[in-house]
Amino acid sequence: MSVLSSLVYQNQDKAVDFINELSKVYRYVLENKNAELVSLQEELDFLEHNIY
């Protein structure tokens with residue numbers, strides 16, 4: 001969250017992108033928290049969003 005706080009002051013457009021990527025990470029976690037298996041593509045997408 002500290003990254004987001006500093007981005008809000010420095011670059012609002014990048015802060016919006018960061019929030020969007022962060023929401024994708026949390027959405028993935030919530031949707032798959034009880035899943036025993038997920039596809040490799042879903043995992044790779046999750047990693048991309050998390051690395052952002």
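Predicted model: local features only at pLDDT ≥ 70, side-chain atom pairs only at ≥ 80, totals over all residues.

The structure holds one salt bridge, a term for a side-chain nitrogen of Lys or Arg within 4 Å of a carboxyl oxygen of Asp or Glu. Lys24 and Glu21 form this bridge, and their closest N and O atoms are 3.6 Å apart. Both belong to helix H2, three residues apart, so about one helical turn separates them. Helices here are DSSP runs of H or I with at least four residues, numbered from the N terminus.

Residues are numbered from 1 along each chain as its sequence is written, and side-chain values use heavy atoms, without hydrogens and water.

How accessible are the two partners? Lys24 is partly exposed, with a relative accessible area of 33%, whereas Glu21, at 16%, counts as buried. Buried means under 20% relative accessible area, exposed over 50%, and partly exposed in between, with a 1.4 Å probe and protein chains only.

Let me turn to the aromatic rings. A search of the whole structure finds one aromatic pair, where pairing requires ring centres within 6.5 Å. The rings of Tyr28 and Phe46 have centres 4.4 Å apart and planes at 25 degrees, so they are stacked, the word for planes under 30 degrees apart. This pair links distant parts of the chain, as Tyr28 lies in helix H2 and Phe46 in helix H3, 18 residues apart. Both Tyr28 and Phe46 are buried.

Key
Phe/Tyr/Trp six-rings, centres within 6.5 Å; stacked < 30°, edge-to-face > 60°. Helix = DSSP H or I, 4+ residues; strand = E, 2+ residues; numbered from the N terminus.
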